[in-house]
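User: I'd like to go through this model with you. Can we start with how the chains sit together?

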There are 6 protein chains.
Amino acid sequence: MLIKIVNPNTSKGMTRSIHAAALAMAAPGTSVDAVSPAMGPASIESHYDEALSVPGVLAEVAAGEQSGVDGYVIACFGDPGLDAARELAAGPVVGIAEAAMRTAAYLGRRFTVVTTLDRTRGRAWDLAERYGVQRFCAGVHACDIPVLELEEDPDALEKVTQACRDAVVRDDADAVVLGCAGMADLCADLSAAIGVPVVDGVRAATLQVQSLVAMGLRTGARGEFATPPSKPYTGLLRGFSL
Amino acid sequence: MLIKIVNPNTSKGMTRSIHAAALAMAAPGTSVDAVSPAMGPASIESHYDEALSVPGVLAEVAAGEQSGVDGYVIACFGDPGLDAARELAAGPVVGIAEAAMRTAAYLGRRFTVVTTLDRTRGRAWDLAERYGVQRFCAGVHACDIPVLELEEDPDALEKVTQACRDAVVRDDADAVVLGCAGMADLCADLSAAIGVPVVDGVRAATLQVQSLVAMGLRTGARGEFATPPSKPYTGLLRGFSL
Amino acid sequence: MLIKIVNPNTSKGMTRSIHAAALAMAAPGTSVDAVSPAMGPASIESHYDEALSVPGVLAEVAAGEQSGVDGYVIACFGDPGLDAARELAAGPVVGIAEAAMRTAAYLGRRFTVVTTLDRTRGRAWDLAERYGVQRFCAGVHACDIPVLELEEDPDALEKVTQACRDAVVRDDADAVVLGCAGMADLCADLSAAIGVPVVDGVRAATLQVQSLVAMGLRTGARGEFATPPSKPYTGLLRGFSL
Amino acid sequence: MLIKIVNPNTSKGMTRSIHAAALAMAAPGTSVDAVSPAMGPASIESHYDEALSVPGVLAEVAAGEQSGVDGYVIACFGDPGLDAARELAAGPVVGIAEAAMRTAAYLGRRFTVVTTLDRTRGRAWDLAERYGVQRFCAGVHACDIPVLELEEDPDALEKVTQACRDAVVRDDADAVVLGCAGMADLCADLSAAIGVPVVDGVRAATLQVQSLVAMGLRTGARGEFATPPSKPYTGLLRGFSL
Amino acid sequence: MLIKIVNPNTSKGMTRSIHAAALAMAAPGTSVDAVSPAMGPASIESHYDEALSVPGVLAEVAAGEQSGVDGYVIACFGDPGLDAARELAAGPVVGIAEAAMRTAAYLGRRFTVVTTLDRTRGRAWDLAERYGVQRFCAGVHACDIPVLELEEDPDALEKVTQACRDAVVRDDADAVVLGCAGMADLCADLSAAIGVPVVDGVRAATLQVQSLVAMGLRTGARGEFATPPSKPYTGLLRGFSL
Amino acid sequence: MLIKIVNPNTSKGMTRSIHAAALAMAAPGTSVDAVSPAMGPASIESHYDEALSVPGVLAEVAAGEQSGVDGYVIACFGDPGLDAARELAAGPVVGIAEAAMRTAAYLGRRFTVVTTLDRTRGRAWDLAERYGVQRFCAGVHACDIPVLELEEDPDALEKVTQACRDAVVRDDADAVVLGCAGMADLCADLSAAIGVPVVDGVRAATLQVQSLVAMGLRTGARGEFATPPSKPYTGLLRGFSL
């Protein structure tokens, strides 16, 4: 089984740590690739960034279809391009926000999300509603660290730990959801520090894709998610014609 | 006052008829531009098309900001790129699905949507939820005419009329919402034929933007919709760096 | 085009300032009338007041139908008599709560409402639910100034400004909605003072009615909102027989 | 204990049959009055009728407060004036739609409502939402008999029986709610004929008020439902000044 | 009329005070029995306790069916076994959480629940949702007194009073709901102390069952709530075979 | 890793086929046990059966805690005892309805459930709401085969196939969820026959537990799901004292 993890931003360092988190979860017999797209933003911190990360994500899914990928993870907490990727891929596609929040819903009545910048909280709520987990999501909180500083700020772990601790108390939460793929490598330390289950979407989504493939399940293709109708694309995006 | 209508697909014919519909609504003193983007799909009939129409839409909004545009209409019933455009523009941005469905909510208890292809119905429901009009939206129905054939199929008016008539009865609706910018020029004929108010999103959104500008209202910029953080974009999309 | 603004209370001073706000929005070619009813409460500050303002509102709509009115605004934030007025009028009828809250929904993720007395907050929430904007309405706050003192209290602007400022922060709001027609003349000053878009329902509703009439749209009359069945009325209200 | 039933329409015949239904439920020691107001519509079949029935209802509640009434029933399925009456009365006030639908919610997963005219169905849904019983309400169906013909049409019982039977099957319902006070005297026959529990709001509301008074419970008066602020009323309604 | 109150825990003292509260509400001609089951937990303070109280409740209902009981109250605020009891009983079955919360919904816009241990709050919210009263329930608060200490702690009344007072202010509530059958005997004192209506579920449910029986209403038995299919039960529970 | 599957009914045949389905999914290194409880109903086809299956389920979980089980599956589509089991177990507990419906939510916009008896449909809807998948659940349909006949009726596969086919069309579904653990062995044949993804909860829950254990995640134990307070149990259930 071959799972391809697409990190929608172009930061190679983050792709490496995402890859490591996913690999640690893969069963024997599962191969895991992780890539950054050839185009798009260095990090995703606005609706603008998120929208413009989608072409790169879709190009990677299209490439994956040529090389026998069995399932995909979209490894940004905004799950950019998820619906479109599901139209394109023969196998399942799972976003990390989707997998993290649904996974946390197995762990109690309520989870709390800790994310990077305040301005991304709205998108997390939109996704919570869409995935049906709004009733489990007690709050979305920012730790005010920009995405790419998660790896460079020496105090990042301490700041995120404190944000998780505060969020658990304020929301009376049973579990924490990490709201950024860039936090994947903090997961074990955070859980140890705060004594509450901490869910990393990269791990959760990788296992979810692996489980779907193991069950022979893929996106239903009777209607909305059938292959898109072919048509001309022009300009910079002419390469996306189907 | 200058309003810019962005037709997210690259079909010039549709842009022309959208322009005509918008112009007919503009107050004296309001100028209306209408454009197709320089990149993207010929029509929007899938999540894939919609996602890939967004860079073109955002490029047109960015260009508009350089040339003194007061407000924008996104003229595709999927409202592609709406959140990102709101971050980018100083003035208000309105999608035609948003405006059409909210406008129809003033006309009674329930409206019904008639759109093109069956596979696009899901997106209409997603937007109805997001805009808070799900409680007014009694149904979304396809007339099974591809977007670009709306202008060429000699039976298009007849087929859409029949779809509207059926939808009104099935949903016991007070009004009809046209689910595609390509239906803008059918609006008056449809309303006359079925004897029920028919809402065209191009007209509704143009008037809505004009009203917002008249009141001095624009997207709130305190948080989520502030200008996006600047950062490098690479590859095909490097021109989108802010 | 003739738009009639009905101020449901009998305070002429408030009717004058409502009229001024509406006139400032009217397009060339649109005439705007504003009236107080011949019966009813001096101000509307309870369910009791609101219910008893309705006969006066309906009498004004009935009179408007005799004199060629194209559309109506009900200018009290409780939108009294809206459903009944829609049955009576040939053209569209819009309430200021309805228009203000839907307009604010175009401006971001969340708005906050600032109203007069604490006891009217419940009605605002009822309307937010009914109009589908509950998801955009982050809070409803009272400034504790009775309706008729808005015009007489020399500190009214300062108190309302402070209430708006507090509400924006508490609710992390993108915009403010003014919860009383008596605040219409404060709108520009408030917006300037707090640096956040402030929506006045009188302006929003006037523009909305004008837009609906421009598009040829009116309340659907197939069922619930058809002209009421005629029947005898007795006692004080015998003049209301249709 | 004195319970006052207010039939919001002016039809004395309906008031008599409402009185009979209520009396049959009263415990020893409970007196039951039933009245029609001195003003208003002969029957309630539109939003217009309903709005204009409210002054008469409120006049009866005000009179009741002078004569020692312990609790009130508003005996029209639109529950007109309920919020305002709660502000006015020292004791509890219950609407028949409210009581009927909440009572039916004790009888299974789903009830179906059978009412008179098709155009009143919307109001029933509005109330179902407001009372929190939307999840139990599987459908609202009209039997197409005008309110006042319920007592004169010799086929009324047969028509309503058939409408109930159809509604139960279509909605897979555990119980039926009668959607008009004018159906109170059909309740036992209907239940016998269709073999499913049938809930009459007049009986349910009378018992509910009796129970609330027995427990010493009344509308909370800390805020929204405190006595309305006093102020001048003018014109026809000047008698309503508090 | 014979009403049987089943206290799902095995504490006889609590059963006695529940009996007293119910008896005080019964109309002339209504007999009221109250029992503790022969098996199960001494008090109910977890999902575990609640689940394991159900066999005892069902055994009491089965016994009641043999002895002519007309209706049942399940007197624990978790309403354990309610659906199953409805399948078993010919007459109506009402839970005290269900009755208390629906009763409180007649008393204003919002109630607040005061219960025993913090860990039981989740179950109260689950029931609020299920009964459609989530919109009326502004909060659920614990007074941190274990169930069986309500009767022994000399400061219980004072602590619960304070918890009610705090809850009313925090939630701006019109009424209080007592979240434990063990608080039934505090109801009058609490209401007197805090000046806000206080609803005891034992009283509310007893009156509700009495009303349902008076109207001839019982659980609908067409489908989900028909008598369960008979089949073998084994082991400790073999006596439950139908 | 040791996963224990608890089939809440006492039918050994069903336990064997459940075991087979679970084993087929287990990763190398994962052991899977499957048991029927020592007490309870032969099959679960009513609220009564479901409630009375819970003591047996909890006894098996308590036994599992003594023998080093890492996680549990409750293998009946009503997920009996799930909350209580979560309090009892140190590791994660997953119900098959929960896992099947959440898994299906990854496969498109809408799934449809095919279950056994009509009377169990209500419970499936209750769970769909509770798990947040109501928005994905387009319908719940019965094939009218009693649970234990699934294994004996030679036409079972054909009947269930037809029910799935009908459900997919009626609900325009992207996927099918099997609404009974007894259908686990039909899953592959059904999917092949109808050409739409078919989700079996036994497989989905087994993989979900395995994934949770792999990530080191368990039920949050800060509050509601902490170990239940210890207390005496009496009668038949005295063995359940903690």
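User: How far apart are the closest C-alpha atoms of chain B and chain E?
Analyst: They lie 17 Å apart, and no contact joins the two chains. Keep in mind that this is a predicted model. Chain C and chain F are also without contact, with their closest C-alpha atoms 17 Å apart.

User: How many residues does the contact take from each of chain E and chain F?
Analyst: Chain E gives 43 residues and chain F gives 43 residues. About 3800 Å² is buried between them. Carbon and sulfur atoms give 60% of that area.

User: And how many salt bridges between chain E and chain F?
Analyst: The count is 6. In one salt bridge, Asp49(E) pairs with Lys231(F), and the closest N and O atoms are 2.6 Å apart.

User: Which element gives the largest share of the side of chain E that touches chain F?
Analyst: H2(E), with 8 residues. Other elements giving two or more residues include helix H3 (82-88) and helix H5 (121-130) of chain E.

User: Switching to the whole structure. How many salt bridges over all chains?
Analyst: The search finds 102. Take Asp49(A) and Lys231(B), whose side chains meet at 2.6 Å, N to O. Asp49(A) lies in helix H2 (residues 47-66) of chain A and Lys231(B) in the loop between helix H8 (201-214) and strand E10 (233-234) of chain B, so this pair joins two chains.

User: Are Asp49(A) and Lys231(B) buried or exposed?
Analyst: Both are buried.

User: What does Glu224(A) form a salt bridge with?
Analyst: Arg109(F), with the closest N and O atoms 2.6 Å apart. That pair crosses between chains. Glu224(A) and Arg109(F) are buried.

User: And where is the salt bridge partner of Lys231(C)?
Analyst: The partner is Glu45(D), at 2.8 Å, N to O. Glu45(D) lies in the loop between strand E3 (40-41) and helix H2 (47-66) of chain D. Lys231(C) is buried at 10% relative accessible area, and Glu45(D) is buried at 6%.

User: Which residues are linked with Arg110(A) in a network of salt bridges?
Analyst: Asp172(A), Asp118(E), Arg121(E) and Arg222(F).

User: New topic, cysteines. How many disulfides over all chains?
Analyst: The structure holds 0. For Cys180(A), the nearest cysteine sulfur is that of Cys76(A), 7.1 Å away. Cys180(A) is buried, at 9% relative accessibility.

User: Last one. Where is Val133(D) found?
Analyst: In the loop between helix H5 (121-131) and strand E7 (137-142) of chain D. Val133(D) is buried, with 1% relative accessible area. Beyond its neighbours within four places in sequence, Val133(D) is in contact with Met101(D), Arg102(D), Phe111(D) and Ala128(D).

Note on methods: Residues are numbered from 1 along each chain as its sequence is written. Chains are lettered from A and ligands numbered from 1 in the order in which they are written. This is a predicted model: local features need pLDDT of at least 70, side-chain atom pairs count only at pLDDT 80 or more; totals for chains, interfaces and linings use all residues. Side-chain values use heavy atoms; hydrogens and water are left out. A disulfide is a pair of cysteine sulfur atoms within 2.5 Å. Buried means under 20% relative accessible area, exposed over 50%, partly exposed in between (1.4 Å probe, protein chains only). Contact means heavy atoms within 4.5 Å. Buried area is the accessible area (1.4 Å probe) that two parts lose on being put together, summed over both. A salt bridge is a side-chain nitrogen of Lys or Arg within 4 Å of a carboxyl oxygen of Asp or Glu. Helices (H or I, at least four residues) and strands (E, at least two) are DSSP runs, numbered from the N terminus.
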